Structures are given as structure tokens and as C-alpha cells.
Amino acid sequence: MNKEWFKVFFAAFFEVFWVIGLKHADGFWTWGGTIVSILISFYLMIMAGRHLPIGTVYSVFVGLGTVGTITTGILFFEEPFNIAKLVLIVFLLAGVIGLKFVTKENGTEGAKSQ
């Protein structure tokens, strides 16, 4: 896994914080943390998208963020859990992992035009 995929992973990690913040933020510091998380998340995703296919980057970003948000909601915010949700998360993760493996890691966009 190269550094661009790590950027996607960390972008999704911060996505979990800002998505949860959109629901639970109620003061200056929590809204500030939410906004900072949005900025970090999108910055990392945009930087990774400069070197990786953007469709795959966005799909992996959203997929990992969704799995992280659902898992965090179940573990820390007592959101309901059932087997169907677990099965769908597994399918989503399989799709994200599959996209990562079938995507060729090309050089920079500028390198293609040379």
C-alpha cells in the first residue's frame, strides 16, 4: 500500500469524526473539531485523488467512512445493531477492498501526459 492509499484511509478516519460531529456537536469546540475534521478529510482525499483514480478514491473514502461511522454509532452511541446491518457492512467492505485491488496505481496525472 503506497502513501496515497494511506491518505485515503486517514481521510476516511477523519470522515467518521465529522459525520458524527454533524449529529452530536453542540458547542464551539465540538463544531470546531467537526470543521477541522472536514478540512483534513477532504484535503487528504483531494491529495490522494491527484495520484489515484478519483472514482476509486471516492468510493473507498465513502465506503470506509460509512463502515467507520456505523461501527462507531453502534459501539459508542448505542445505535441499534442487527445481523442484516453486519452482513451489509461486510458486503460494503468486500467492495471497497475489491476496488482497491483492481485499481492500478499509476503515477501522477502529469506523468501520463508525457
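Helices here are DSSP runs of H or I at least four residues long, strands are runs of E at least two long, and both are numbered from the N terminus. With that in hand, the protein has five helices and zero strands, and along the sequence the pattern reads α-α-α-α-α. Please keep in mind that this is a predicted model, in which local features need pLDDT of at least 70, side-chain atom pairs count only at pLDDT 80 or more, and totals for chains, interfaces and linings use all residues. Residues are numbered from 1 along each chain as its sequence is written, and side-chain values use heavy atoms, with hydrogens and water left out.

Let us start with the whole protein. Its C-alpha trace spans about 50 × 35 × 20 Å along the principal axes. Of its 114 residues, 31% count as buried; buried means under 20% relative accessible area, exposed means over 50%, and partly exposed lies in between (1.4 Å probe, protein chains only). The protein exposes about 7500 Å², with 72% of that supplied by carbon and sulfur atoms; these areas come from the Shrake-Rupley method with a 1.4 Å probe, and for residues only the protein chains shown count as cover. A contact means heavy atoms within 4.5 Å. Among contacts between residues at least 6 apart in sequence, 72% join residues at least 24 apart.

Next comes helix 3, residues 54-76. Helix 3 has 23 residues and reaches 32 Å from its first C-alpha to its last, close to the 33 Å expected at 1.5 Å a residue; the expected span is 1.5 Å times one less than the number of residues. Its buried residues, including V57, F61, G65 and T72, pack against helix 1, helix 2 and helix 4. After helix 3 comes E78, whose phi is positive, near 50 degrees.

V16 is buried, with a relative accessible area of 12%. Leaving aside neighbours within four places in sequence, V16 is in contact with G65, G68, T69 and T72.

S37 belongs to helix 2 (residues 28-49). S37 counts as buried because its relative accessibility is 8%. Not counting residues up to four places away in sequence, S37 touches F14, F17 and W18.

Now for the aromatic rings. Rings of Phe, Tyr and Trp (its six-membered ring) pair if their centres lie within 6.5 Å; planes under 30 degrees apart count as stacked, over 60 as edge-to-face and the rest as tilted. The structure holds eight aromatic pairs, and two of them are set out here.

| Pair | Centre to centre | Angle between planes | Type |
|---|---|---|---|
| F13 and F14 | 5.6 Å | 85 degrees | edge-to-face |
| F13 and F17 | 5.1 Å | 80 degrees | edge-to-face |

F13 and F17 lie four residues apart in helix 1 (residues 3-24), about one turn of the helix. An α-helix has 3.6 residues a turn, so residues three or four places apart point the same way. F13 is partly exposed at 41% relative accessibility, F14 is partly exposed at 23%, and F17 is partly exposed at 44%. Elsewhere, ring pairs link W18, F42, Y58 and F61 into a cluster.
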